[in-house]
Amino acid sequence: MQDSIVIKGAREHNLKNINIAIPRNKITVITGPSGSGKSSLAIDTIYAEGQRRYVESLSAYARQFLEQLQKPDVDYIEGLSPSIAINQKTVTKSPRSTVGTITEIYDYMRVLYTRIGKPFCYRCGSPITTQDIESIINTVMALPAGSRLQILSPIIRDRKGEYRKELGQMRAEGFVRARIDGSMMDLTQDITLKKHKRHTIEIVIDRLIIKPNIARQLRTAIETALRYSDTVIINLIDDGKDIPLSRTMACPKCGISYPEITPRFFSFNSRLGACEACNGLGFQDIEEDAEEILEERQCKICGGLRLKKEALNVRIENLNIGEFSRMSVSEAMSFVNNLKLTEREQIIASRVLKEVKDRLSFLKKVGLDYLTLDRPSLTLSGGEAQRIKLATQMGSSLTGVLYVLDEPSIGLHPRDCTRLLESISAIRDSGNTVIIVEHDEETIRWADHIVDMGPGAGLKGGWVVASGTPAEIQENKRSITGKYLKGTLTIPLPPKRRTPSDFIEIKGAEAFNLKNIDVKIPLGVFTCVTGVSGSGKSTLVFEILYKALKRKLFESNILPGKHKAIIGIDKIDKVICVEQAPLGRTPRSNPATYTGVFTLIRDLFAHLPDSRVRGYRASRFSFNLTGGRCEACRGEGMKKVEMHFLPDVYIPCDVCKGKRYNKETLDIKYKGKTIADVLSMTVSEALQFFSPIPALRQKLELIEDVGLGYIQLGQPAPTLSGGEAQRVRLSKELTKKQTGKTLYILDEPTTGLHFVDIEKLLNVIDSLVNRGNTVVVIEHNPDVVKSADYIIDLGPEGGEQGGRVVATGTPEEVAMVSSSHTGRVLKTKLSLSRIRVA
């Protein structure tokens, strides 16, 4: 196997026909200004070709989709291994998906509770024991006289398959009825079940009415039922209820029977285990396809634990599986490490416990020990989701694989970054190649090899400016990244710290892990809320401050996190949260539509002489409406191809070739450009093209000012990173009329930003504050934190060890607090900044 991945003639997106060699079995960081071509090289060229070759190696069924998987625009790539991309969008966003299920920890715990869990009666708390046939008969005979019932034997419980053989056997043995998936069926008829759907088949053994002389008939029916299953279902016909009676599991006091305990018994995605009130979701009033949890109202029946009461009364050391899932990673590690098992239990559980311990350990190594195992994936940040997938890969023991990571340091405090880098190094040391798209200084310095893209963004980027070791890059005068690493260029300290004009005070904040804290939010300045991952930053800023202000100022019905009071809300008149959520869920949403730029462009095209002659209005140039759009793709420009075993693939429409519009619409041109040509322009290109039009120029300048000159006007919203989406939102807010009393909240706005772009962002923040507004930012980047007027540092650690105010004040004041992790980082950063200025 050769020592390098050799890429020749890469031209994807803005790449300029580049040639590059990337060393195998090393950590390579691809860096450069935003829009310089990093992702185009790492993900759209190297990973995409690796995925295409993987599909090519599959069966004929898989290969029928191969023509749909486009080859990246590259001459050839040599030395490419099977590739895995771990980005911020690889985790399933579903209310059923949790940290425990993503990492498979919950799956292993289901096996553990099946094998060594001790069941107890949910009514009286007595241990569940075996039950003989006499006890079952006595329980049935104790039913009210005249009760009409059916004796059912469940031969199949919640399993996939057609079960033709089983149904035929029951028919041959003389049974004529069965309850299949809750409906009574005639076994004498031909029954076809869907192979890939889960089914429950319960054979009707007998029908009878409770009366004194029925005991013999009942015994025969019960004995027959128990020949096919350990459980008998007594179906009360008039009440429409079932009484399950088990030969193996029953309460000696209450007579309550438990079904057979299997791993599915503890699954909230199975009818066998899921709480019937919330269907296993744990929350009230939440839909199966929900993409966010607006209000966490726990199910009143299961208390948010998602499972039936029978499953929640199976315990290991007095803890049920739902309570285990509520533990943080650190707490779960302590629990499994301190289990006191018998010799027999140890033999049974050793393999499962090893897998659980390994996965918990990997989560800790990537700085996620504060997360609880029942945390829904919907509530995870992009960085957290990516590191969970990374931890899962660490447990896979794969070798000879190419991993492509997209900014894994997002959301990590500098204190935690070293642990993450050590984990990535372990993946490399196992015989794998790691390519990281990254801007974080510590990650860049940690790399074995660096590829610096640039020199600018968009059309000005796409070149390999420099490649080599960190030391070589640092000495390369062509590399802007190298200049920042060496200290020749630096993000300067502000000339002075602004003083607060007033404060908003939060009293008694104790949502989630906050420890009944009082916090003052300064007004009229730029404030950074800092702290290690899980210290309570988002809880304080979003769950309490933002939601309380939104409720008060906009009469929202959203409920803020638990707190006693907020004093001083009257000192602001508006709150704006500039978040990282996608601008839209479909490719129809893009930066031009979101910011209002496209409305102005469509009006411009509608007023052109050719449009007026043809009677075209602005709606003609909308790709969402019939008339001007391409009907083959309904204006999307792309068609979705379902890959079944791989993520869905989008390919250009074969009619409009991705242009979204029909031929007649594309006949209309402004300065030689069609509406499709305009949507393909970058913001910088459009700014130059439309510079004579003041309204368009103003909006485009603001998008350029937040560092997004390289994105295309028509770039589909789902393809924008969280940081890009946030900065598009910020540019839109900047176009609105300023009152001077607005509170802006930003969550890690440096996501995806190179050193040179961070300066642009700081300039935008300064312009907002200089107009009298307040800006509160959750941030880890030391260059941003050192530039703040005021810092609120939470901690000292994450999870239950966090939630306290560690330090407040100017960066200089926080740097003097030795107990603050942020303070120690700032102390070094401030001293370096002063040395470079001197």
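Colleague: In which sense do β22 and strand β25 (residues 742–747) pair?

Modeller: This is a predicted model, in which local features need pLDDT of at least 70 and side-chain atom pairs count only at pLDDT 80 or more, whereas totals for chains, interfaces and linings use all residues. Residues are numbered from 1 along each chain as its sequence is written, and side-chain values use heavy atoms, with hydrogens and water left out. Strands are DSSP runs of E of at least two residues and helices are runs of H or I of at least four, both numbered from the N terminus, while two strands pair if DSSP finds at least two bridges between them. V578 stands opposite L746 in β25, and the five bridges between β22 and β25 have a sense that is parallel.

Colleague: How many of the residues of strand β22 (residues 574–578) are buried?

Modeller: Buried means under 20% relative accessible area, exposed means over 50%, and partly exposed lies in between (1.4 Å probe, protein chains only). Strand β22 is largely enclosed by the rest of the structure, because the number of its five residues that are buried is four.

Colleague: Which strand is joined to β1 by five bridges?

Modeller: In strand β1 (residues 4–10) five of the seven residues are buried, so this strand is largely enclosed by the rest of the structure. Strand β4 (residues 74–78) runs antiparallel to β1 and is joined to it by four bridges, with E78 as the bridge partner of V6. On the other pairing, A10 stands opposite I18, and the antiparallel strand joined to β1 by five bridges is β2.

Colleague: Which strands stand at the edges of the open sheet of six strands?

Modeller: The order in this sheet is β9-β8-β10-β7-β11-β12, with antiparallel pairing. Each edge strand has a single partner strand, so one side of each is left without a neighbour in the sheet; these strands are β9 (183–186) and β12 (241–246).

Colleague: What angle does the direction of helix α5 (residues 133–141) make with that of β12?

Modeller: Axes are lines fitted to C-alpha atoms, for helices over the stretch in contact, and angles run from 0 to 180 degrees between N-to-C directions; contact means heavy atoms within 4.5 Å. Neighbouring strands of the sheet are turned by 35° against each other on average, direction ignored. Helix α5 packs on this sheet, touching β7 (148–160), β11 (231–236) and β12, and its direction makes with that of β12 an angle of about 160°.

Colleague: How much space lies in the largest cavity?

Modeller: On a 1 Å grid over the protein atoms alone, a cavity is a set of points where a 1.4 Å probe fits but cannot get out, and lining residues have an atom within 4 Å of a point; grid points are joined across faces, edges and corners, and a volume is the space filled by probe spheres set on the points. By this rule there are four cavities of 30 Å³ or more. The lining of the largest includes Y106, F268, R306 and D374, and its space is about 90 Å³.

Methods: On a 1 Å grid over the protein atoms alone, a cavity is a set of points where a 1.4 Å probe fits but cannot get out, and a pocket is an open set with protein on both sides within 12 Å along at least five of seven lines; lining residues have an atom within 4 Å of a point.
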